[in-house]
Amino acid sequence: MTHPLGNPPTKIVAVHLNYPSRARERGRVPAQPSYFLKPPSSLAGTKEAIVRPAGCELLGFEGEIALVIGSRAQRVAPEDGWSYVRWVTAANDAGVYDLRHADRGSNLRSKGGDGFTPIGPRLLDARRLDPAALRLRTWVNGELVQDDTTETLLFPFGRLIADLSRLVTLEPGDVILTGTPAGASVARPGDLVEVEVTSGELSTGRLRNPIAGGPALEAYGAMPKADAAEREAAYGASYVPEPLLDKRIEDGLRSVAVATLSAQLRARGLPHMSIDGVRPTLPDHTMVGTAHTLRYLPLREDLFKKYGTGMNAQKRAIEELRPGQVLVMDARGDTSAGTLGDILALRAQKRGAAGVVTDGGLRDSGTVAALGLPVYHGGTHPSVLGRRHVPWDTGVPVACGGALVQPGDLIVGDADGVVVVPPELAGDLITDCREQELRERFITEQVAAGHGVDGLYPLGPRWSELYETWRRGLGPSQGEST
């Protein structure tokens, strides 16, 4: 494969996150830059095809600015870093997300395939450029999908070079891929991806790479696989996830009362499925979703700095939320500190959460209620979680309000409270709940007409035949129990 560098570099270093727009998409802002390596054999030039192996569906493109080192850099200062750059060009940091699982962390096979780092077509003289005034644009099939500048980078180019050179000697010809802005997504065979870097009138020209389908990988090692998390990572802001919960089940659970569900669960030998001691911010709303879990442990001051700060489990749980999920927090019933406030509630809402349940305290309760996100909480409290809790882990079975909740359980809430529904029971529960509510409607009508409850509530033999006659008179739309 040809590329404008001529001789291959000793290494290609890629930055994970560097544009604020991309950090917002990912929901996190790193305190320091982090990197991964791509092999020199991944280099390609313009017009060369990026090949997606058969069996892969998530070929990601990422338009980037590539820096080419001009002189040996070892332990250089940030203010001197840019002086070690000789050339600037356009790059596409391509890769298949279907193989990220194979080398988690290193990205070797997902990002290092032959032809997965096209650069070019022209090299711009770094001495003529202002590193804070470069513009990067990417097009897919002629549609502009990325457009950003280097004015507000999280980590300016000079700092990247200084940081890397503390431990890794950068040799002439080495390439640094400096991160991608918002808009990176998935390309398919037949698509054309173009990347261009400009500085005023200067331009690298458009790096043009068609996407082609290739043969399947031989089964000598890990094979491609894609799940919802990888699809979301690959598609970025354009990702539209599949519903976690079948719409018929969701609508069915929404159509029956939590009190009825609780009664039917008890009839099945499950009397401990209610999340006790929580109250709703929105009593007129019904909440239905699948459980995502977060566990808090009691405060230990010596561990809080390690587990409670930065991108801790609480924040990770929010960022892990998928549309239709209910975040269930195990705070051991301790309401003497907040476990959720207005900012994280807003972020949960933006992530598409169906609601939040915590047996701990709620801060900023008025603002949270105004969001319109259903939140069930043990009580309000003004203090932050660090007064009583250490956010510990996510995606594990938890105890919330006396109920055991597993990730993936169904969570239903209304003005009466919250119950946990095992997914495999949901269909039969809905049928039986509707029948129970129909019976209770009949009983209510009889009580309103002046009849006593003896033999009527619960429905006894004397009233059963009258009930069946009444039920048939409702017609299919109201009398059906399924």
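The model is predicted, so local features need pLDDT of at least 70 and side-chain atom pairs count only at pLDDT 80 or more, while totals for chains, interfaces and linings use all residues. Residues are numbered from 1 along each chain as its sequence is written, and side-chain values use heavy atoms, with hydrogens and water left out.

**Overall build**

- You'll find 13 helices and 30 strands in this protein; helices (H or I, at least four residues) and strands (E, at least two) are DSSP runs, numbered from the N terminus.
- The radius of gyration is 29 Å, well over the 23 Å that the globule rule gives for 482 residues, so the protein is more spread out than a compact globule. That radius is taken over C-alpha atoms, and the rule is 2.2 Å times the number of residues to the power 0.38.
- Along its principal axes, the C-alpha trace spans about 95 × 50 × 45 Å.

- Buried residues make up 50% of the 482, where buried means under 20% relative accessible area (exposed is over 50%, partly exposed in between; 1.4 Å probe, protein chains only).
- Take contacts (heavy atoms within 4.5 Å) between residues at least 6 apart in sequence: 78% of them join residues at least 24 apart.

**A look at Q314**

- Q314 sits in helix 8, which covers residues 313-320.
- With a relative accessible area of 8%, Q314 counts as buried.
- Leaving out residues up to four places away in sequence, Q314 touches L294, Y296, T339, L344, L385 and P391.

- Three strands line up in the order 21-23-25 as an open sheet with parallel pairing; two strands pair if DSSP finds at least two bridges between them.
- Strand 21 (338-340) and strand 25 (379-380) are the edge strands, each pairing on one side only.
- Strand 23 (residues 361-362) is joined to strand 25 by two bridges, and G361 has G379 in strand 25 as its bridge partner.

- Another open sheet has three strands in the order 8-5-13, with antiparallel pairing.
- Strand 8 (95-96) and strand 13 (185-187) each have a single partner strand, so one side of each is left without a neighbour in the sheet.
- Two bridges link strand 5 (residues 59-61) with strand 8, and L59 stands opposite V96 in strand 8.
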